[in-house]
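Thanks for coming. I will take one structure and go through it piece by piece, so please have the screen in view.

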Amino acid sequence: MPGVIAALNRINEVYGEEQRERSCGGISQMEDGSIRFDSVSFAYVPGEPVLRDVSFQAGKGERILIEGRTGSGKSTILQLLAGFYRPDQGRIWIGGQPADAYSEDAYRGFFYYILQTNPILEDTIKNNVTRFDERFTDEEAERALAAVHLDQWLRRQGGIHALIGPGGVSRDEAQLLAWAGAVLRRPGILLVDEFDAAIHEDTIEIIDQVITRLPEETTVFMVSHRKRSRMKITGRICMEEGRAVQIMEREI
């Protein structure tokens, strides 16, 4: 639960619902999606570690599946990568640089995070897809929605500036809106937290198609315990009680 709350808070910040000071220092741009965990340990509550001495690495453009039982630390890996928290011990490297050496803007421009349940704002369809990033045009947002087969849904809603809210969007539609955002942003690192746990098979098929069309240089870290996605992986991290007990690389 602390991890879910942290993820939602972080997304709210990106949406612009919360204001806070952003670091003006640090490396201003990420260019390489390679990742390395070096003996990382972390606890939400002191004395109750969630990750214990976790080490692994993934190259730029790899597709990594993280597996394990509930509570094994899978989602915590994503949250540390996204910068929600910092390790208690060890270090995380991104693109050959310590993760904490980058500025907040560098993170926002390079990462994209998809939750199991995508939060829908009481706002326009465009703002729900772009997350209030004014760089993107109406036409770009519409093309992204078409890429996830929401073009007819968009017309039924009344267009890109139509207002929507949580009560008027199904779980599958909410998930596809999140993936439309990924299509739009073309992130350097895409973090996906059990998107396939509670949606229909036809929606999973659409998302699997989106994953195959992502840029080759996009690094994907996907958490799953149901293995419904058919993402073609290049590596697998198996978690057990906070430890990476089995790391398999280059499966394809």
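A word on burial before anything else: a residue is called buried under 20% relative accessible area, exposed over 50%, and partly exposed in between, with a 1.4 Å probe and protein chains only. What you see is a predicted model, where local features need pLDDT of at least 70 and side-chain atom pairs count only at pLDDT 80 or more, while totals for chains, interfaces and linings use all residues. Residues are numbered from 1 along each chain as its sequence is written, and side-chain values use heavy atoms, with hydrogens and water left out.

First, the overall picture. The protein chain has eight helices and 12 strands; helices (H or I, at least four residues) and strands (E, at least two) are DSSP runs, numbered from the N terminus. Of its 252 residues, 53% are buried. Contact means heavy atoms within 4.5 Å. Among contacts with a separation of 6 or more, 74% are between residues 24 or more positions apart.

Two strands pair if DSSP finds at least two bridges between them. Four strands make up this sheet, in the order E2-E1-E4-E5, and the pairing is antiparallel. Strand E2 (51–58) and E5 are the edges; each has a single partner strand, so one side of each lacks a neighbour in the sheet. E1 (residues 35–42) and E2 run antiparallel and are joined by five bridges, and Phe42 has Leu51 in E2 as its bridge partner. Helix H2 (residues 74–81) packs on this sheet, touching E1, E2 and strand E4 (89–94), and its direction makes about 115 degrees with that of E1. Angles here run from 0 to 180 degrees between N-to-C directions, and axes are lines fitted to C-alpha atoms, for helices over the stretch in contact.

How enclosed is H2 by the rest of the structure? Largely, because seven of its eight residues are buried. Those buried residues include Lys74 and Gln79 as well as Ile77 and Leu78. After H2 comes Gly83, with a positive phi near 85 degrees.

Next, strand E6, residues 111–114. Both of its faces are covered: Phe111 and Tyr113 on one side, Tyr112 and Ile114 on the other, all buried. E6 runs parallel to strand E9 (residues 189–193), with four bridges between them. Ile114 has Val192 as its bridge partner in E9.

Two loop residues are worth a look. Ser103 sits in the loop between strand E5 (97–98) and helix H3 (104–110). Ser103 is buried, at a relative accessible area of 6%, and its side chain reaches the backbone nitrogen of Ala106 at 3.2 Å. Thr137 is in the loop between helix H4 (125–130) and helix H5 (138–147). Is Thr137 buried, exposed or partly exposed? Partly exposed, because its relative accessible area is 34%. Thr137 and Lys126 are 11 residues apart in sequence and, C-alpha to C-alpha, 9.0 Å apart in space.

Last, a helix pair. H7 (residues 171–185) and H8 (residues 201–212) pack at about 5 degrees, their axes 11 Å apart. That makes H7 roughly parallel to H8, a label that applies to angles under 35 degrees. Among the residues that meet are Leu176 and Trp179 in H7, and Ile207 and Val210 in H8. The residues of this contact divide into seven nonpolar, two polar and one charged. Here Ala, Val, Leu, Ile, Met, Phe, Trp, Tyr, Cys and Pro count as nonpolar, Asp, Glu, Lys and Arg as charged, and the others, Gly among them, as polar.

Methods:
Polar contact = N/O pair within 3.5 Å; in protein donor to acceptor, adjacent residues only side chain to side chain. Parallel < 35°, antiparallel > 145°, perpendicular 65-115°, else oblique.
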